[in-house]
Every structure is written in C-alpha cells, then in structure tokens.
Amino acid sequence: MAIWQRVQGTFLRLGWGKTGSRVLWMALPLLAALWILLRLISVDAVAKSSTEGDSHANGHSTPRAAWHTLYEPSEPPKDEPLGLAPGSKAAAGAKPPREKPTENGETLFLQTYQLLNAGEHAQAMQVAQTMVERFPNFQLGQFIYADLLASLSGGLPERDALLQHPDVRQRLSQLKAEALQRTRHQDKAFFAGQYPAPVRYLSPNVAQVVLVDAQKSRLYVLANQRDDAGKRSFKVVFDAYVSIGNNGMGKWREGDGKTPAGVYFVQKHLTDPMLPDLYGSGALTLDYPSPIDKEQRRTGSGIWLHGSPSQQYARPPTATDGCVVLANDDMTRLVQLGLKADTPVVIAEQLTWHDAAKAPHLKAPPKAWPEPEQMRKTPGDWQLISAFEWTDKQQNVAVLSHELQTAGRTPKRLHSYWVMEGQRWKEVGRPGS
C-alpha cells in the first residue's frame with residue numbers, strides 16, 4: 001500500500017488528475033505501461049545507432065547540401081558515468097568525468113538511466129527519488145520513477161489491454177521520444193576542436209554563437225575564445241535539450257507550427273515578470289523573418305528562445321508553435337552566459353561539424369565576399385566580423401556582419417543578406433525592410 005500511495009502522489013505532482021478516482025484511472029494504465037519504457041529506449045537506441053553506423057561505415061549517403069548533413073561517429077560514443085556512487089559496480093575502474101556536471105533534471109535522469117543499465121537498481125531508485133523530489137514537474141523523471149515503483153510491485157497482468165488507450169499511447173510515445181533524445185546526445189567534450197559548417201568566419205569581436213540542431217533536439221553555445229597558448233579556439237561551453245515546432249522544421253506560413261531554419265540575431269532579453277507563464281523563466285527574441293525569409297515569401301513572427309511553463313519541466317521534442325523552448329533552469333543558465341544583442345543564432349534541421357584545424361578561413365576573412373551597399377554609403381574602416389553560408393531551397397544564401405570602429409563611439413554593426421544568382425551574390429534587403 002505504501003508503494004501505491006507514492007505512485008498516487010507521483011501522478012498528483014504531474015497534474016494528471018485532481019480527484020482520487022481520476023488519479024486511479026490514470027495511474028493504472030500508466031503503471032501497466034511504464035515498466036517497458038527503459039527496454040524500449042535501449043532497443044531503439046541500439047537499433048538507430050547501428051543504422052547510422054552502418055551508413056557511415058559503408059560510405060553510402062544521399063547527396064545533400066551541407067546544411068542538412070548530420071555528423072555522427074561511426075560508433076556510439078563511450079560516455080563516462082555521471083556521478084555514480086563510489087564503490088558501485090558501474091563506478092569501479094571508471095575514470096572520473098573531466099567536468100563535474102551541473103545537477104539538473106537531465107543529469108539526474110541520465111544517472112538513473114546509466115545505473116539501471118549497470119544493474120544498480122537500488123542506487124537508481126535513490127537517484128530517481130531525488131530527481132522527482134527536486135524537480136516535481138519533470139514528467140520524464142516522474143515516468144522513470146514510476147517505472148521503478150511498478151517493477152517493485154510486479155507490474156500488472158492487464159497491461160496489454162490498457163496500453164491500447166489512445167491517450168496513454170500518445171503520452172508514452174512523447175516521453176519515449178524525449179528520453180531517446182536525452183540519452184543519445186554528445187557530451188560537450190566531443191565537439192572539442194570542431195566547428196559547425198554554416199560558420200565561414202568569426203572574428204574575435206563575435207564572442208559566442210548559439211546553435212540549434214533540431215534533429216538532435218539540442219542547443220549549443222559555441223565560444224570563440226583563446227586557449228592557454230593564446231591561440232583562438234572554438235569550444236562548446238553549454239548545451240541543453242530543446243523542443244521545436246510541433247510540425248517540425250521549415251517554417252513557411254504564419255501559424256504553420258514549424259520552426260524556421262536560418263541565421264538570426266538576438267534582439268532582446270525578456271525576463272519572467274514581463275512574460276506570461278507560457279514563456280517560463282525568460283526569453284531571447286529573434287529577428288525572424290530575415291530579409292532572406294522575406295525574399296522566399298515566408299511569413300510569421302515571434303520566433304523566440306524561451307523557457308517552459310511552470311507546471312512543465314520540458315516539452316516533447318516537437319511540441320511548440322515554432323519557438324525553440326528550453327527547461328527553465330537551462331534557460332536561466334543560457335542567459336547567465338552573457339549573450340549580447342546581435343549574438344548570432346544558427347537554427348538548422350541538422351548540423352555538420354568539421355575539424356577547425358583544417359579550416360584556415362575561420363581565422364582570416366574570406367576575400368570573395370561582396371560589400372553591402374550600405375557600407376559604400378557610409379565611409380569608414382568597416383571590418384568583416386562574421387560570415388555564415390548555407391543552402392536554402394537549393395540556393396546558396398549567406399549572412400554577413402560588418403563592424404565600423406570609431407574612436408569614442410560604440411561600434412556600429414551592419415548585417416547583410418545575400419542569395420546566389422548564377423555565379424554572383426545578390427543582396428536581398430536590409431533588416432526591417
């Protein structure tokens with residue numbers, strides 16, 4: 001009975017029922033289904049990893065534009081255990097992680113997941129209980145905790161029939177998708193010495209770039225910094241799970257439920273007292289639609305990076321109206337990185353990463369870029385500070401940023417937008433036009 005009471009409390013914290021009868025009705029089918037979640041995650045993750053690995057190993061891939069090519073290792077990454085208890089079987093002989101992870105909902109979920117894979121069920125239960133106590137609105141965390149409780153009670157023989165309920169199947173599918181995305185992402189250390197393909201040049205004046213990989217439900221912050229030897233280097237200093245549009249990528253029309261792909265710039269930081277609860281702990285507004293979007297006749301507005309409603313720790317991978325949505329604690333940490341207005345934000349369906357050591361163009365401004373008309377009308381020492389290029393609708397497009405340094409004045413920045421027509425670049429408009 002004690003276990004059953006704890007399960008009732010779990011679902012009450014989820015907000016899935018306000019009366020005793022409704023809680024019982026929801027708890028029965030979910031308990032019947034929960035025990036299979038981790039098995040499904042493991043089977044699907046192995047199957048997907050094998051498929052991707054075979055594709056690369058055989059050297060066969062469908063020709064695509066670089067923007068839509070996903071970088072994956074030929075073998076699944078060998079992630080180090082996160083915060084395993086000293087003396088446990090999984091921890092024996094394991095190297096300590098290079099960087100102590102920030103303890104949030106995701107790190108506790110991954111600890112639980114790894115402990116279960118290592119057969120450390122008692123420790124997994126302890127971590128899972130901590131997870132639901134600290135993050136009671138983390139539905140995936142509640143899910144795995146309920147799975148552990150169900151396994152202790154022996155499960156329910158009626159599970160197959162109960163799993164046919166449409167609402168239960170839909171919610172299971174959403175949580176399974178979120179679990180898969182969280183368990184298969186690469187650690188920040190994996191990207192050491194790498195750079196994303198859309199980035200063609202970054203000067204020291206551009207300190208950070210935000211990157212969104214929709215296929216991986218992941219946001220990264222790439223820092224443009226100097227290493228211990230004084231040489232410039234690129235480093236992923238932050239990453240977080242995100243949710244995108246409920247109809248995926250490729251925004252085309254107002255209200256289509258899709259997230260746009262392109263390069264945008266941070267405009268403002270809005271804090272939670274200024275926002276409805278829907279936007280969580282805050283928001284960074286973006287300048288969608290860009291002149292390139294307008295050239296392609298795309299409509300819509302209000303595409304932001306923002307937090308989650310207070311009753312929901314995170315959303316399923318595709319569950320927004322088009323914005324990029326983070327958990328509130330992740331959104332807070334993102335803002336604490338000191339992102340400035342005009343920070344570039346690259347939103348891609350899939351990102352390609354390359355070896356930065358083999359990309360000299362990253363450190364020296366390419367000479368082939370044209371000069372925007374506005375620069376010619378404003379005399380001064382304009383310097384190219386960033387260049388991004390990708391393929392949009394089978395057409396090469398680019399976003400360039402120049403900066404004018406004037407003694408005693410705030411530097412003036414100018415963004416220009418280009419499409420390739422034939423063998424020549426054509427400027428397609430000014431911001432706000």
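**Close-up views of a predicted model**

**Figure 1. Overview of the predicted protein chain.** In this predicted model, 65% of the contacts with a separation of 6 or more come from residues 24 or more positions apart. The protein contains 11 helices and 16 strands. Of its 433 residues, 49% count as buried.

**Figure 2. Confidence of the prediction along the chain.** The average pLDDT of the protein is 77, and 73% of the residues score at least 70. Over residues 1–101, pLDDT stays under 50. For this stretch the model has 146 contacts beyond four places in sequence. Where pLDDT is low, the predicted coordinates should not be read in detail.

**Figure 3. Helix α8 and its buried residues.** Helix α8 spans residues 166–184 and has 19 residues. From its first C-alpha to its last, α8 reaches 27 Å, close to the 27 Å expected at 1.5 Å a residue. The buried residues of α8 include Val168, Leu172 and Leu175. Charged side chains also occur in this buried set, among them Arg171, Glu178, Arg182 and Arg184. Ala179, Leu180, Gln181 and Thr183 are buried in α8 as well.

**Figure 4. The crossing of helices α4 and α8.** Two packed helices are described by the angle between their axes and the distance between the axes. For α4 (residues 105–117) and α8, the axes come within 10 Å and cross at roughly 90°. The two helices are therefore roughly perpendicular to each other. On the α4 side, the contact is made by Glu106, Phe109, Leu110 and Tyr113. On the α8 side, Ala179, Arg182 and Thr183 take part. The residues of this contact divide into 4 nonpolar, 1 polar and 2 charged. Ala179, Arg182 and Thr183 also belong to the buried residues of α8.

Figure 5. Alanine 189 is placed in the loop between α8 and β1 (194–196). Its relative accessibility is 44%, so alanine 189 counts as partly exposed. Lysine 235 is 46 residues away from alanine 189 in sequence, yet the two C-alpha atoms are 8.5 Å apart in space.

**Figure 6. Helix α10 and the elements around it.** Four residues of α10 (328–336), namely Asp329, Asp330, Met331 and Leu334, are its buried residues. These buried residues pack against helix α4 and against the strands β4 (218–226), β5 (232–245), β7, β8 (304–306) and β10 (324–326). Glycine 338 follows α10 and has a positive phi, near 80°.

Figure 7. Most residues other than glycine have a negative phi, and most peptide bonds are trans. The peptide bond from tyrosine 288 to proline 289 is cis, with omega near 0°. Proline 289 is situated in the loop between β7 (282–286) and α9 (291–295). Aspartate 342, in the loop between α10 and β11 (344–348), has a positive phi near 80°. With a relative accessible area of 25%, aspartate 342 is partly exposed. Lysine 393 likewise has a positive phi, near 55°. The loop that holds lysine 393 lies between β13 (382–392) and β14 (395–404).

Conventions:
Residues are numbered from 1 along each chain as its sequence is written. Side-chain values use heavy atoms; hydrogens and water are left out. The expected span of a helix is 1.5 Å times one less than its number of residues. Buried means under 20% relative accessible area, exposed over 50%, partly exposed in between (1.4 Å probe, protein chains only). pLDDT is the predictor's confidence in each residue, from 0 to 100. Contact means heavy atoms within 4.5 Å. Axes are lines fitted to C-alpha atoms, for helices over the stretch in contact, and angles run from 0 to 180 degrees between N-to-C directions. Angles under 35 degrees count as roughly parallel, over 145 as roughly antiparallel, 65 to 115 as roughly perpendicular and the rest as oblique.
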